Amino acid sequence: MGTKDLEKTKESSEVSDILSKFNSLSATSKELRSLVKSLTNEVEELKRDLSVSLATKEQSPIKIKPLITRKKTHYTPLCLWSDHHIDEPVPEEQGNGNVYSPEIADKRFERLVDKTIGIISETKSNYRVSEVIVWAGGDFFSGMIHPDLSETVIGSGAENSLRSYDMLKSGLNHIADVTKLKVYVPCSWGNHGRITVKPRVSTAGSHNLEQIVYRSLARDMDSRFTFDVSNTAFKYLELGDYTIRFNHGDRGLRYGGGIGGLSIPFHKWRSRLDEGRRADLSCIGHWHQARDFSFGLVNGSMIGDTEYSAPFGTEPPCQVIALIDRSLGRKGPVFPVYLDK
């Protein structure tokens with residue numbers, strides 16, 4: 001092989017090395033761009049976590065002192081408020097005759113507050129009552145967690161958060177003004193208030209607009225109210241020696257519409273939780289069905305029948321009020337509060 005051939009071979013080898021290095025740099029550049037994009041998304045996610053978490057600081061659970069005397073029947077009204085879905089319209093053809101709109105939501109909420117005050121006042125006239133519990137159980141608005149909801153709901157998540165804040169504030173203040181009672185408000189976020197596409201577990205509260213609503217209420221309302229806005233999925237309220245558990249109802253409870261309805265899955269769910277911390281009564285919402293079991297209560301909804309609830313049966317718009325007998329340490333009378341009339 002001549003000198004010229006050797007030089008050509010050397011040049012070819014050098015060109016091959018350069019091309020190889022260029023391809024390697026190109027691949028590395030793509031990987032770096034992908035890494036930068038991923039890190040940028042993580043930073044934005046952390047910023048959002050921080051902004052929401054700042055509004056959801058931890059606090060102690062609600063504890064109501066035991067009775068000094070048990071000579072006279074002493075009831076504590078327990079009012080379950082959840083699943084109002086104030087931004088989700090229901091045309092007549094989708095709700096088994098039920099129709100719903102923001103204007104109808106306002107009327108039903110006014111009816112709920114008035115009937116709640118009526119039951120509390122009637123109880124006060126016959127028994128001893130010194131406080132009332134109003135559970136804020138979540139799903140006060142539907143949000144846009146599903147593609148179809150993003151096409152039908154009225155208003156944005158921010159707008160409906162503000163509207164929920166105004167409604168809850170006015171309703172709670174009216175109850176306290178009329179009944180003259182101390183009001184305890186344990187708060188549970190629902191699944192519809194989340195700001196993520198997929199549900200979270202340990203950080204769910206930090207990704208839910210309803211936590212901001214609750215935290216704002218706790219900050220703005222006066223000393224007649226005691227809130228539990230802790231960033232936990234399960235709330236426990238100690239009413240003397242009687243413990244009440246609250247959860248929206250979507251955390252670990254599975255129900256496919258089988259025979260027996262919610263009774264069996266709710267019972268199993270409650271039993272599993274009792275292994276960790278026992279409660280005398282468990283309260284949930286989410287399923288849009290008003291049910292009274294010996295071990296727990298399921299709240300109805302203010303929206304009433306929708307295409308979502310159709311597979312589980314026809315349910316009128318309803319919320320639940322129970323009287324907790326503090327003298328005996330047990331659940332007393334339970335009242336379904338119907339809101340369509």
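Predicted model: local features only at pLDDT ≥ 70, side-chain atom pairs only at ≥ 80, totals over all residues.
Start by selecting Ile175, which lies in helix H4 (residues 157–179). Ile175 is buried, because its relative accessible area is 0%. Show what surrounds it: beyond its neighbours within four places in sequence, Ile175 is in contact with residues including Trp81, Val113, Thr116 and Val132. Ile120 is also in contact with Ile175; the two are 55 residues apart in sequence, with their C-alpha atoms 9.1 Å apart.

Next select strand S4, residues 182–186, where four of the five residues are buried. On one side, S4 pairs with strand S3 (residues 131–136) in the parallel sense over three bridges; look for Glu131 opposite Lys182. S4 also runs parallel to strand S5 (residues 225–228), joined to it by four bridges, and here Val185 stands opposite Phe227.

Now turn to the salt bridges, of which the structure holds eleven. Select Asp177 and Arg224, whose side chains meet at 2.6 Å, N to O. Asp177 is in helix H4, while Arg224 is in the loop between helix H5 (209–220) and S5, 47 residues apart. Asp177 is partly exposed at 38% relative accessible area, and Arg224 is partly exposed at 27%.

Move to Asp274 and Arg245, a salt bridge at 2.8 Å, N to O. Asp274 lies in helix H6 (residues 263–274) and Arg245 in strand S7 (residues 242–246), so the pair ties together parts 29 residues apart in sequence. Both residues, Asp274 and Arg245, are buried.

Finish at Arg278 and Asp280, a salt bridge with its closest N and O atoms 2.9 Å apart. Arg278 is exposed at 55%, whereas Asp280 is partly exposed at 25%.

Note on methods. Residues numbered from 1 in each chain as written. Heavy atoms only, no water. Helix = DSSP H or I, 4+ residues; strand = E, 2+ residues; numbered from the N terminus. Buried < 20%, exposed > 50% of the residue type's maximum accessible area, 1.4 Å probe, protein only. Contact = heavy atoms within 4.5 Å. Pairing = 2+ DSSP bridges. Salt bridge = Lys/Arg side-chain N within 4 Å of Asp/Glu carboxyl O.
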